[in-house]
Each structure stands twice: as C-alpha cells, then as structure tokens.
Amino acid sequence: WSPFSPPCFPVGLPSPLPLLDCDSERTSFLFRFLLLLLLPSSSFFLSLELCVQNSVQETIMGSAYSSGGAGSALTFNIDDGFAEGIVRGHFAGILSRTDYTNLSQCETVDDLAVPLASTDYAKMLSSSSAVDGGLLRRLCLEKLEQQFQELRAGALQPMGKFLDYLTYGYMIDNVCLLISGQLNGRDPEEQFASLNPLGKFPAISAVSVADGPQSLYDYVLCQTPLGPYFKKVFPYVDMQINHAPPPFGETNIEIIRESLYKAYYEDFYRFCQHLGGITAEVMCELLEFEADRRAITITVNAVTLNSEMTKDDRFALYPRIGKLWPEASAKLALADNQEQIIEAVQFCQEYRRVFDEVSNSHAGADSLDEAFKKPMIKKNLLAFEQQFHYGVFWAWLKLKEHEADNIQYIADAISYNKREHINDFIGIQEMWDY
C-alpha cells in the first residue's frame, strides 16, 4: 500500500472522493475539517496526495512557461491552440488535383465560378460581373487577408508579433511596386489596385510624393515597422544632412528591395530563434531557404543582365543566414558565369536539383523562379506535419498565395486561348511527391 493510492473507507460509509475537487470552490475549509475528524488517517494521506499532485503540476507548468510558451508542446494550446486549429482548417481547403482539373476544363473565364463554387472561394465571384485573371487573383488575396486579420485580431503575444512579421515582406513589395510605377508613369489608381492586401498600411498612399530615399523615409516609412530596416540601408535618412538625396532609379529600387529584405530576414530569424522550440526549428529552416533563394537570384540576375553592381555590393545584399552563408556566399559574390554559380551551390543537393531542372528544361518550361517554387511548396507543406508551432501561419500564407497565382494562370490561359499550356502550373498537392 502506498500513501498515494486511493484511501480505504469503512464499509457502509460513502467515499468523499467524488466530492473532493481541488479546483472547485465547493470544497470548503469546513468540509475538509469534518473529513479530518471522521477519517483522520485516510484524510491525511488524501490531503498529502492532493498537495503533491498540485505541487508537481505547478512545477511542470512553471518550467514549461520559463522555456517559452511558443515552443512548448505542454503550454502551446493554452493561448495559441485555437488559432492553429483555425489555420489548419484553412489549409484543408486548399485546392485538390480534382479541383484544378475541373478548372482547366472550363471553356470561358466566367465558367470558373462553377468549379470554384464547391471550394472555399464559393462566394468570391458573387459580387463581380466582369472576370479576368488579375481580378480573380486579387479576390483570392482579399479573402486571404480577411482570414488573416481575423486570426490577428484574436492573437495573444508573442503570436501577435509573429503574425505582424509575416506582413513586412508584403509591405516591402508594395512600397517598391508603387515607386517603380511612379517612375514609369503608370496610373496610381491601377497601382493601388494591384497592391497585395496583406502589405497595405495607412501611410502607403504617401509613396507617390516620395522622390528619393529621404522623402520616402520622412513621409512613409518613419512610423512603420520598415523604418528601422530602411535606416540600416540608408543611415543618413535619420540625420539632418543638407545635401540633396539621390533620386530613385530602376537600379536603386531593386537594391532597396533586396536590402530591405536582407534586414527583414535577419531580424525575423533572430525573433524566431528567441521564440525557441518547434517554431524556431521550422521557421529558421524556411527563412534560411528564402535567404538562400534571394542570394542565388541576385547573383544570377547580376551575371545574366551584366549589371554594373560590383562584387562587393553584391555580397553586401546577401542575407547573413542560410546554408550558403558565409562560405558559399563568398563564392557566389565572385562568380562571373552560370557554371561558377552552380559550382558554389554544388554542395547542397536541394539547390543543385533546382539548377538541374533549369538546365534540362526546354522552351516554355521552368525558369529559375519557377524551379525554386517546387522546393518552396514542399517545405511549406512539411511545416504542417508538426504541431505546436507558428510556422503553419507562414506556410499557409505562402501556399494560398501560390494558389491564387495558379488560379490567375488558368484564367489567363483560357482568356488568351493558350490551352496547350493550361496545365503548366505547379499544383500544391503534387509537391508532396517532389
């Protein structure tokens, strides 16, 4: 017999165990005192058992919280389990192979509403008369943004901060898109309509009055999360300097974009490491892949387009995270042709496979960006194989964004009568076998 085993009560006397509930207010001091008088030995061991159980529970919960709730399987569901369940439900609604087959068989773009009626996009086309590929993609992203804002509204910290980080990349793309459209004389209304809803913020309309980095920082970015990143790229913007700021140009915009992404990835990477646990394990791998992809893309564009960017400037744009940093990144910065780029990443089977697909492709097949989408989708699918982490939110956004691109591609293929290429998109479910 152990003092922690259920106590034995005299025959005929009802057991007080059903009435004893340490978490209930009904268990009063008087009731415990009566039990102590009637059953001194049994109540002693029973009280001892309850005290030990409560002490062990408090010790376990306390150690779990001290290790970080975001990375602990014991405590994750307390604050974040509901949101994770919601996003996994959204993930279950991703278009299947059958859905894509039904979309590809439509004769006109308007007919796409019929197969979409049995998906999560059922009510998406109800308020739209004229339909084209661009409109479909915008409606898909607006629905995604609405679902994201619902999750953000109910998020506690640190998940709320994590969800905010997910929008910074879209904010960078929107700002650079507006500046590029301004330089090329595009209609501002069309530019605002093409912005990603996930990257909109109140001051974004002021981008049209910015003619250089200084005015962009003063009028738009100083009060946004991108402000600290922008100050790293252009340290003088926060100083009172009398010289005229350099104007924007197409080359400057791409350098600004890549520099902001570098600062963003490095900051987000540190934040995920601080969260720890499964979130750090999943998210750090996803961010490392994105950082390596950008480093390779920067190098390929510089070599292919004969850019005037120096090798030192190219190296300065590489994010300081990932599998390529620092040894392979140094080799990439010195590369002068495609062969040297492949040699620099040869040690990584994943990136070697990407270049093999590009070199073996024929006309109309994968470009470098398209080839990188396949491992990107596979990594984001694998993020859902683990539980109790924030990586599913990043993966969900990336997969749904790619799904919107697929819907636009099918609609454009129908509109321009390119049915021979209508199935050249990259399906999400097919990438489980990649």
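1. **The largest pocket.** The largest pocket in this predicted model holds about 1,500 Å³ of space. A pocket here is an open set of points on a 1 Å grid over the protein atoms alone, where a 1.4 Å probe fits, with protein on both sides within 12 Å along at least five of seven lines. Its volume is the space filled by probe spheres set on the points, which are joined across faces, edges and corners.

2. **Its lining.** The lining has 42 residues; a lining residue has an atom within 4 Å of a point. Nearest the centre lie Asp-173, Arg-257, Glu-258, Arg-293 and Arg-294. By type, 18 lining residues are nonpolar, nine polar and 15 charged. Nonpolar covers Ala, Val, Leu, Ile, Met, Phe, Trp, Tyr, Cys and Pro; charged covers Asp, Glu, Lys and Arg; the others, Gly among them, are polar.

3. **Helices around the pocket.** Six helices are to be named here: helix 7 (133–153), helix 8 (159–183), helix 12 (250–275), helix 13 (277–304), helix 18 (368–382) and helix 19 (391–415) each supply at least two lining residues. Helix 12 gives the largest share, nine residues.

4. **Overall build.** The chain has 19 helices and zero strands. These are DSSP runs, numbered from the N terminus: helices are H or I with at least four residues, strands E with at least two. Of the 434 residues, 47% are buried. Buried means under 20% relative accessible area, exposed over 50%, and partly exposed in between (1.4 Å probe, protein chains only). Among contacts between residues at least 6 apart in sequence, 64% join residues at least 24 apart. A contact means heavy atoms within 4.5 Å.

5. **Confidence.** The average pLDDT is 82, and 78% of the residues score at least 70. pLDDT is the predictor's confidence in each residue, from 0 to 100. Over residues 39–68 the pLDDT is below 50, and this stretch has 30 contacts beyond near neighbours in sequence. Residues 239–244 also stay under 50, with two contacts beyond four places in sequence. Where pLDDT is low, the predicted coordinates should not be read in detail.

6. **An aromatic pair.** The whole structure has 24 aromatic pairs. In one, Tyr-229 and Tyr-264 have ring centres 6.4 Å apart and planes at 55°, so the pair is tilted. Rings of Phe, Tyr and Trp (its six-membered ring) pair if their centres lie within 6.5 Å; planes under 30 degrees apart count as stacked, over 60 as edge-to-face and the rest as tilted. Tyr-229 sits in helix 11 (residues 227–233) and Tyr-264 in helix 12, 35 residues apart. Tyr-229 is buried at 4%, and Tyr-264 is buried at 2%.

7. **A buried lysine.** Lys-379 belongs to helix 18. Its relative accessible area is 12%, so Lys-379 is buried. Leaving out residues up to four places away in sequence, Lys-379 touches Glu-285, Leu-286, Phe-289 and Glu-350.

8. **Backbone points to check.** Most residues other than glycine have a negative phi, and most peptide bonds are trans. The bond from Gln-157 to Pro-158 is cis, with omega near 10°. Pro-158 is in the loop between helix 7 and helix 8. Trp-325 and Pro-326 are also joined by a cis bond, with omega about 0°. Phe-388 has a positive phi near 60° and is partly exposed at 22%.

9. **Conventions.** Residues are numbered from 1 along each chain as its sequence is written, and side-chain values use heavy atoms, without hydrogens and water. Local features need pLDDT of at least 70 and side-chain atom pairs 80 or more, while totals for chains, interfaces and linings use all residues.
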